[in-house]
Amino acid sequence: MNARAGGAEVALIGVAFAALWFAPLFTGDYGLQIAFRVLIYLTLAESWNLLAGSAGLVSLGTSCFVGLGAYVAFGLLNNLDAPLPVALAVAALAGGALAALVSPALFRLRGLYFTVGTLALAELLRLTMVNVSAFGGATGIILRDDPPPLPELFHYALVVALIASLAMTACARTRVSVILRAVRDDEDAAAQMGVRPFRVKLGAFVLASALGALAGGVQAVKLGAIEPYGMFGLQWSIDVLSMVIIGGVGLRLGSLVGALFVVALGEALADYPEAHIAITGAILIVLIRFAPRGVVGFAANLPGLMRKWAVA
Amino acid sequence: MPDIGVAASTIVSGVLLGGILALTALGLSIVLGVMRLVNLAHGDFLVVGAYAGLFFLKFTGVDPLLGLPVIALIVAALSVPLYRFLLAPLAERGPEARMMTMFAVSIILENVFVLAFSADTRSIELSYATLPLTIGSFSVPLIYVIGFAISVVLILAVHWLISRTGFGRDLRASAADAQAAATLGVDVERVQMLTFALGAACAGVGGALIGAAFQFGPSSGGAYLLNSLAIVVLGGLGNVLGTLVGGVVLGFLQSLGGLALGDGYRDLVGMALFLLVLAFRPDGFLARRSS
């Protein structure tokens, strides 16, 4: 199904990312900083969108996997002299493993406890890092060696975002998408048809969490120093939730549009942090009510709406 | 190892605090049961109650523990427009839309608190709040005992309301099967609105009690939300008296964890307990194991 559209999508993603590879030749530090943030956010939004849009699992635990990835990557880099790609790969594995470990608790009550469970898990990990001095306590950990230069970090973020985008395409354009949506829309009916809802949700959760941890590892290396309040902060979850709701839950372009919007809004309101968060909250309420499929969904419906208005 | 009197005081204090928080948790539990909504702004409703108590004392000079009915009404009244204008229109859209809306309300409220009351931490200063109740080396703050007693009385009152009144019957029917209840003539939307207001009132009164015992600030809500959830899961969803037991057990285990590992571990114990109970006894540990 959709094999041709899927092939075209993969080709398009490939071309776009190949072109972006040369961005450091054309833009200065500020541009790269912004692009780096968009790529990290895009990765997180894609994985959140996979969970919520396809599997119906609303997570508030993005920070839990971002933070875990950051701490695992730093541990390997500082204590075992691991090469950066290895450290990041292990961070991703750790994210997936944690997701698998906690899934029996989080999938209770038809996912109603999933949201608060992920929230509690993030808090549990944060408190662990704060209290256990081996993890640096409240002051955190500093990366022993200097982080790589910005263009190199940008390339890491680009590869991570590419992996996330291709994973999303694989889930959206193959048989997997049908199974995911069947579980989201009616778990019981899906189970009747021979789908195992627990396994499907588990697969989506593990993949999304591994991607989150990977993004967290790259972000941490760029920061050069991590502490539990920032890496496990609720702000990650707020930003990711906003991106997908603004862009469009379950829509292929939703994550990208949302990531661009949220980064732009953050830049525009950088000097007014309180107003920034309050405005984000207001945008969320309005969109959930009036444009449940976000900006992308709204734009897709626009031609139909225009026709309706023209007739009326 | 601290001496036995100090250890006993710590544990009894923990149990009393757990009982105080159980009232807030009860509000969360009935909203979850009737509306299938995890109210992510519940902790912020608690903070509203704490600020209401603070300003009640400041402007009237009357002890806010006497003004608890007023505080309950204020917080309930504030929650009604939230229900009418934000939640009711999303009734057809599944639980996620309402939950995310309340999450947005939560982050807005926290910023409104900062703008209106500054980021300072405060507490409701009552003359007797710092008095200890002492028997030998055993000593607990008097305010904990008072708060616990008020909380228990109110939980019993809610229990009576739900199990003995007409509203309670409609509430239980709506929680069991909203569609069937509507068919039988229950005004489910009105029940939901009143349940939401009752839940908010529980959080508000709980907040006034907690504000008298502890310091609080604009962002205190998150931790209380998570601890309340732990209590709900421990006690079993929809079990009013179980919530009280859940609060006491959480308080007991948290202070035990604090004694054994250090004060920083109190909240960590709560979160770990929450996830463990979800994994192994999802109906609460009071529930009889069904075959």
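**Group meeting: a predicted two-chain model**

Good morning. I begin with the contact between the chains, to which chain B contributes 31 residues and chain A contributes 32 residues; two residues are in contact here if their C-beta atoms, placed from the backbone, lie within 7 Å. This is a predicted model, in which local features need pLDDT of at least 70 and side-chain atom pairs count only at pLDDT 80 or more, while totals for chains, interfaces and linings use all residues. Residues are numbered from 1 along each chain as its sequence is written, and chains are lettered from A and ligands numbered from 1 in the order in which they are written.

On the side of chain B that touches chain A, the elements giving two or more residues are helix H4 (94–117), helix H9 (221–235) and helix H11 (265–280) of chain B. Helices (H or I, at least four residues) and strands (E, at least two) are DSSP runs, numbered from the N terminus. Which helix gives the most to this side of chain B? H4(B) does, with twelve residues. By residue class, this side of chain B divides into 24 nonpolar, three polar and four charged residues. Here Ala, Val, Leu, Ile, Met, Phe, Trp, Tyr, Cys and Pro count as nonpolar, Asp, Glu, Lys and Arg as charged, and the others, Gly among them, as polar.

I turn to chain B as a whole. Chain B has eleven helices and two strands, in the order α-α-α-α-β-β-α-α-α-α-α-α-α along the sequence. Its radius of gyration is 19 Å, close to the 19 Å that the globule rule gives for 291 residues, so chain B is as compact as a globular protein of that length. The radius is taken over C-alpha atoms, and the globule rule is 2.2 Å times the number of residues to the power 0.38. Along the principal axes, the C-alpha trace of chain B spans about 60 × 55 × 35 Å. Of its 291 residues, 54% count as buried; a residue is buried if 20 or more other C-beta atoms lie within 10 Å of its own, exposed if 12 or fewer, and partly exposed in between, with C-beta atoms placed from the backbone. Among contacts in chain B between residues at least 6 apart in sequence, 76% join residues at least 24 apart.

The two strands of chain B, E1 (residues 132–135) and E2 (residues 138–141), pair in the antiparallel sense over four bridges; pairing requires that DSSP finds at least two bridges between two strands. B:Thr134 has B:Ser139 in E2(B) as its bridge partner. E1(B) and E2(B) form a hairpin with two residues between them, and B:Gly136 in the turn has a positive phi of about 65°.

Chain A comes next. Its secondary structure amounts to 15 helices and two strands. The radius of gyration of chain A is 20 Å, close to the 20 Å that the globule rule gives for 312 residues, so chain A is as compact as a globular protein of that length. Its C-alpha atoms fill a box of roughly 65 × 50 × 40 Å along the principal axes. Of the 312 residues in chain A, 48% are buried.

Within chain A, A:Leu76 sits in helix H4 (residues 62–80). Is A:Leu76 buried or exposed? A:Leu76 counts as buried because it has 21 C-beta neighbours inside 10 Å. Not counting residues up to four places away in sequence, A:Leu76 touches A:Ala82, A:Ala87 and A:Val90. The C-alpha atoms of A:Leu76 and A:Ala87 are separated by 5.7 Å, although the residues are eleven apart along the chain.

In the loop between H4 and helix H5 (84–106) of chain A lies A:Asp81, which has a positive phi of about 55° although it is not a glycine. Most residues other than glycine have a negative phi. A:Asp81 counts as exposed, because it has 10 C-beta neighbours inside 10 Å. In chain B, B:Arg36 is another residue other than glycine with a positive phi, near 55°, and B:Arg36 is found in the loop between H1 and helix H2 (42–60) of chain B. With 17 C-beta neighbours inside 10 Å, B:Arg36 counts as partly exposed.

I close with B:Phe274. Leaving aside neighbours within four places in sequence, B:Phe274 is in contact with A:Ala120, B:Leu229, B:Ala230 and B:Val233. Thank you.
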